[in-house]
Amino acid sequence: MKNMGLQRLVCVRPQCDLLGDEARMMAVGGVTILENCVQVDSLSTALNECERVVATSHKPSAMAGAQCFQSPRSLLPWLVETMAPSALVFGPERRGLSNEELVLAHRFLSIPAHSEYPVLNLAQAVAICCYELQLLAEGNLPEMRPEKIATNAQCDAAIGHAEEFLQQLGMLDGQPDWSRSQLATWQRSRVLPFRNALQRAQLTPVELKRLRNVIWVAQRKLNFRPTPDA
């Protein structure tokens with residue numbers, strides 16, 4: 001990161017001491033990145049204020065088909081063309097990002113590699129993306145998008161409102177003989193497509209509020225308890 005002029009690193013539940021001797025030795029001249037690293041408990045928390053989020057993965061997921069993935073060179077200009085808070089997300093070395101984590105992103109990035117062994121390790125992937133970002137920083141960026149995009153926190157609130165409405169309609173009831181764990185897994189699978197579509201739509205706060213107002217009116221008409229902040 002420091003080689004390419006990047007400074008801000010956020011780690012979600014790191015499994016090592018970021019300021020320990022081993023981490024400092026591996027960082028060499030980039031120790032200041034570790035010293036200023038922000039540590040959070042969840043990816044959702046890390047992305048709360050972000051208006052543009054790109055998630056990295058080496059293979060399509062159930063939430064994002066192969067046609068949704070773009071290369072760093074084609075996608076990263078979109079990430080940095082605005083002055084709004086943005087994030088490039090990498091998963092753990094061994095498993096990458098889960099479906100639940102991928103749907104927090106607006107777009108998806110995959111680094112093209114040889115078909116015999118297309119999987120890069122985390123350090124390689126980060127280095128390639130940082131290099132592409134540095135090239136963009138040195139060149140002319142596309143014209144900035146003027147409108148403000150809803151943050152992840154606002155999208156989370158909207159999804160929670162929609163999920164509440166689906167529960168009130170009985171669409172998340174599942175089967176009577178299911179365990180609590182089975183029901184929770186099934187409910188997540190029903191809600192995830194809505195979250196994915198909302199993230200990719202990149203709505204403005206005003207557009208998002210209008211959609212929530214539709215749900216609020218429907219709740220009132222059906223005598224359901226509406227969410228207070230709709």
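This is a predicted model: local features need pLDDT of at least 70, side-chain atom pairs count only at pLDDT 80 or more; totals for chains, interfaces and linings use all residues.
## Ground rules

Local features need pLDDT of at least 70 and side-chain atom pairs count only at pLDDT 80 or more, while totals for chains, interfaces and linings use all residues. Numbering runs from 1 along each chain as its sequence is written, and side-chain values use heavy atoms, with hydrogens and water left out.

## Helix 8

Helix 8 covers residues 180–201 (helices are DSSP runs of H or I, at least four residues, and strands are runs of E, at least two, numbered from the N terminus). Its 22 residues should span 32 Å at 1.5 Å a residue, and the end C-alpha atoms are 32 Å apart, so the two agree; the expected span is 1.5 Å times one less than the number of residues.

There is still a kink of about 30° at Val 191, shortly before Pro 193 (the angle between axes fitted to the seven residues ending there and the seven starting there). Val 191 is also among the buried residues of the helix, including Gln 187 and Arg 195 (buried is under 20% relative accessible area, exposed over 50%, partly exposed in between, with a 1.4 Å probe and protein chains only). Just after the helix, Gln 202 takes a positive phi of about 50°.

## Aromatic pairs

The count comes to three aromatic pairs (ring centres of Phe, Tyr or Trp, its six-membered ring, within 6.5 Å; planes under 30 degrees apart are stacked, over 60 edge-to-face, the rest tilted). Phe 69 and Phe 108 sit 5.7 Å apart, centre to centre, with planes at 40°, so this pair is tilted. Phe 69 is in strand 4 and Phe 108 in strand 6, so the pair ties together parts 39 residues apart in sequence.
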